[in-house]
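Visitor: I am new to this structure. Could you take me through a few of its features?

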Amino acid sequence: MSFNSRADVFHARHGDLHCEEVALASIAARFGTPTYVYSKAALLAAYRGYAQALQGRRALVCYAMKANPNLAVLNLLAREGSGFDIVSGGELARALAAGGDPAKVVFSGVGKSEAEIEAALKADILSFNLESIAELETVERVAARLRKRAPVSVRTNPDVDPKTHPYITTGLKSNKFGVAYADTLALYRRAAASPHLTVVGIDCHIGSQITEVRPYVDAADRLLDLVDALEHEGVHLHHIDFGGGLGIAYRDETPPAPEALIRALLARVDARGHGNKTIMVEPGRSIIGRAGALLTRVLLLKHGETKNFAIVDAAMNDLMRPALYQAWMNVKTVQPATAAEARYDIVGPVCESGDWLARDRDLAISPGDLLAITDAGAYGMSMASNYNTRGRPAEVIVDGSTVYVVRRRETVEALFAGESLLP
Ligand SMILES: *Cc1c(COP(=O)(O)O)cnc(C)c1O
């Protein structure tokens, strides 16, 4: 079974929504709701889109695991040869527990603690992606204490113009991320002179849910200018890491396929004479986003004066993107219509007006019906919380006609297991 990037991963068969060969209704019956359902084939197809476009090159895909850090997801990707982009010591532990190769791990983030740096140094990761001079000094200090050399890259801020590319941005002067473009060379000089640091690469990450190739090519040119300047000074880089951020089609967006993005980047790299370097990317959302859906059951329908509400058993704590970003999520019915169509806001039971999952959707539903919120594989479970003392959903991966539970539903007892009373 295979999916191209546009195919519907969650598809109706005789009126019943399926993930691969399995009816979602049977998953709800076996494992309850809310449950995150992922397609192994869709996950692997997305990864292979990147890997195949990079075939024959010195290249590494580092999956940005904050998009979805389930051990089974990481393990499937590790088995494909994927590396990992981590942003915490916790993510390092997950990458290692999932069988990830530390030599393929890059450590991003603006605030790495000394304990996290030490753990990553001891694990012999590929690169510390530095985001400030203060951080460079911290990494240097920890490396000196451990009598090691830390491999470093500088995350430069290419300041790609947002007016021409309106997207969620992290590569602007005004963002907290990265080192100002104009300061980048100075950091490299400092790193190259240090006995405790080894300069291995350069990186950037300009934003998320990017739906055009153009800003990547602009950022690539800015990075390659720095690579040229560094080589001129005798600092040679092993890799160039263009970050992640490629978008997916939630509604009517038309993001380029990973293959198209890679082709454009390789063309720039080759044209500028750096095709011999290891080319890296750090995709998160575009690897796992479309592979996942949140399966939820309608608890009841509430017909208000101006609005109808479908109150479902999933809530903002399970899927935060609508509450956090006003994100539009696709909602599909799982089984044939059971009632006349009406317009609903899909909301959860959490005591917040911000607790909504979708608004103004025309659905033919009754209490007890199942809904699938599709394209929810990225930044869904990874952002879930226990607000309102709600256990987080179960997670399952479908492989053909087999369903594997990869995280069991959190019990209420587990939620307060670490709490204690005063004497
Ligand atoms: C979040 C993040 C990514 C992945 O972003 P996506 O939009 O999920 O592809 C890559 N690199 C860094 C440094 C990140 O913080």
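Visitor: How many bridges join E1 to E2?

Guide: There are 4, and E2 covers residues 16-19. In one case, His11 has His18 in E2 as its bridge partner.

Visitor: What kind of model is this, and how are residues counted?

Guide: The model is predicted: local features need pLDDT of at least 70, side-chain atom pairs count only at pLDDT 80 or more, and totals for chains, interfaces and linings use all residues. Residues are numbered from 1 along each chain as its sequence is written, and side-chain values use heavy atoms, with hydrogens and water left out.

Visitor: Which residues of H9 are buried?

Guide: Buried means under 20% relative accessible area, exposed over 50%, and partly exposed in between (1.4 Å probe, protein chains only). In H9, Pro258, Leu261, Ile262, Leu265, Leu266 and Val269 are buried. They fall within an arc of 125° down the helix axis, so they line one face of H9. That arc is taken from the directions from the axis to the C-beta atoms. The face turned away from this buried side carries the exposed Arg263 and Ala271.

Visitor: What do the buried residues of H9 pack against?

Guide: Contact means heavy atoms within 4.5 Å. The partners are helix H2 (40-53), helix H8 (214-232) and strand E15 (278-281). After H9 comes Gly273, with a positive phi near 80°.

Visitor: Is Glu140 buried or exposed?

Guide: Glu140 is buried, at a relative accessible area of 13%. This residue sits in helix H6 (residues 133-145). Not counting residues up to four places away in sequence, Glu140 touches Arg190, Ser194, His196 and Leu197.

Visitor: Where does Lys302 lie?

Guide: Lys302 is in strand E16 (residues 292-303). Leaving aside neighbours within four places in sequence, its contacts are Lys307, Asn308, Phe309 and Ile311. The C-alpha atoms of Lys302 and Thr138 are separated by 56 Å.

Technical notes:
Helix = DSSP H or I, 4+ residues; strand = E, 2+ residues; numbered from the N terminus. Pairing = 2+ DSSP bridges.
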